[in-house]
Amino acid sequence: MPAAAELLSFRRFGDDQIVTLAKLVIENAFQPIVEATTGAVFGYESLLRGFDRLGFASPLELLDRAEGAGQLLALEHLINSRAVAAFATLPDFASRTLFLNFDSRLVGGEGDIVERLVNHLKRANIAPSSLCFEISERFDSGKIPDFSALVRQLRLGGFKLAIDDFGAGFNGLKLLCDQPVDYVKIDRHFVSGIERDPRKRHLLRHTVNMAHVLGTRVIAEGVETEDEFLVCRDLGSDLIQGYFVARPTTHLNELQPVYPHLEPGVRRLSSTLDSILIRKEIEQLPTVRESDDLDSVFDLFRRNPRQAFFPVLNANGEPRGILHEYHVKEMIYHPFGRDLLKNRIYQRRISHFVTPAPIADLDTPADEMLKIFAGMDGSDCVILTENMRYAGILSASSLLKIINEKQLKLAQEQNPLTGLPGNRAIRDHVQQAILDGDETRYFCYCDFDDFKPFNDSYGFQKGDLAITLFAALLRRHFIGEEKFLGHVGGDDFFVGVSGLAEAELRAQLMRLIDDFRSDVRQLYSPEHQAAGCISGYGRDGGAKDFPLMRCSIAVLVLPAGFILSDSQTVSTRIAEIKARAKASETGLVLELITRE
């Protein structure tokens, strides 16, 4: 708080001078909002600065005083018009979004703040879709009779809408259900310490899924640490805002187009089977822009008589929904349709006919995409995006084809000897598990010790018998949906387990090692059993004795709350642990991975 001498006291000037005084000291600070997977700037939130010089502890306190003095509309207009003017000076404003806080108490009052802003935008040559109004849960919009009408007015005008402070106020879930909003901003309460709190991770994951079903993007706000950033990104947040990205600044020349410390991260690897199949089936339909005139849309339907709908994008290339032929066919085929559209009283634009559609990132797993599609009853397609921009669509038939082809390929890739899933399924399991930090996860790599001399001495048929024996033991010891069994190849196996206590897993793996050692012993001749070894040749070609076969197991442990983005880290660490497991007396080594 500044010294008392620096404050502009309202005792001297009075509440009726709030706007006059605000003009002297209020500034707009911009805080970047970035794409979670690239670190590229998507837009900026305009935040109030200088309120403390008027003697207020927070912007909300200033707005509350202005509302009580009947000056809220004038103050909001001052703040927002300055923000728009500052936004227009940025070299990349045409490809960015400006997020403005909208005070719900202005709804239905005298004057039209939206109309005033529209005039500012026209003068600055800024498209309406470059502005997003943030509606806070701080005020109960459900009690404002004209609120729905305002939302409709903003949507039809091409503006974007966000629910601010989602989860921490009055009726954010109701707003998300009833209003076609573009973004949900997750309140800082649910982001703070999320890497240590499974309940917060669970809530964020389900909020993301729910929002995406409704065609809404998720912004995690108040992200202050790298751990919070990684968890929010990997649980599906589309956009990130907070001190870890950048602090708000009134010096606009400090803003960057990309924040390099966020760039390297990738939420999912695009080499998964799902991603390959989705990219093969994606259909890149022609798109309609909200700013297009309806005549051009009619021509598009005439040129594509077999196509019943087209995706609608805003000026920034973001999907807004679907335009169906049946919504506009009266205008297309009615003899007076065009004349009606040209009537100023009718005033219909493309935005009047848009219907919502579910949205998914290109790298969303096919099973999740099917849930998204099923959750949007009656939808014609899923709109796919890459880095927030339109990439194409998937129809219901294409999505079912992907699911069927995935199941067929996984069946084809099962190991013919053991019937266990192969390497692709193992990679996809690991990739999914490293992103799910709700429970402790264990990646267990099993490898036979001294298998080669046994195989050389007894032949491959006996070797295959040892392999099938171990696969049977795996199925006996690991049962349940939370356990994944895979066959890497030859005498190498994989077990993925989640949720068990380490002591319980250790005991289970030791029973597996002991049972295999006992059962595989029966495959040796009585002479070899009695000797406890078998003669063979080492890697150097020299004759030597080898002990009877056993299995060694290297286990990498990912604790609850720990999330990785790159599965290669798992492979690298496992290779290091395997050598120690083979050299150990018990054959079992567990290692906990921690962030360096």
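Over how many bridges do strand β2 and strand β3 pair, and in the parallel or antiparallel sense?

## Barrel strands

Strand β2 (residues 41-49) pairs with strand β3 (residues 97-102) over 3 bridges, in the parallel sense; strands count as paired if DSSP finds at least two bridges between them. Here glycine 43 stands opposite threonine 97 in β3. The model is predicted, so to speak of local features pLDDT of at least 70 is needed, side-chain atom pairs count only at pLDDT 80 or more, and totals for chains, interfaces and linings use all residues. Residues are numbered from 1 along each chain as its sequence is written, and side-chain values use heavy atoms, leaving out hydrogens and water.

In the order β1-β2-β3-β4-β5-β6-β7-β8, 8 strands close into a barrel with mixed pairing. Helices (H or I, at least four residues) and strands (E, at least two) are DSSP runs numbered from the N terminus.

## Around β5

Let's look at β5. Of its 7 residues, 6 are buried, meaning under 20% relative accessible area with a 1.4 Å probe, protein chains only. Strand β4 (residues 131-136) pairs with β5 in the parallel sense over 5 bridges, with phenylalanine 133 opposite leucine 161. β5 and β6 also run parallel, joined by 3 bridges, and isoleucine 163 stands opposite valine 184 there.

## The core

Phe133 returns in the largest nonpolar core: among its 78 residues, Phe133, Ile240 and Phe443 touch the most other members. Such a core is a set of buried Ala, Val, Leu, Ile, Met, Phe, Trp, Tyr and Cys residues joined through side-chain atoms within 4.5 Å. Helix α17 (residues 423-434) gives the largest share of this core, 5 residues.

Terms used
Buried means under 20% relative accessible area, exposed over 50%, partly exposed in between (1.4 Å probe, protein chains only).
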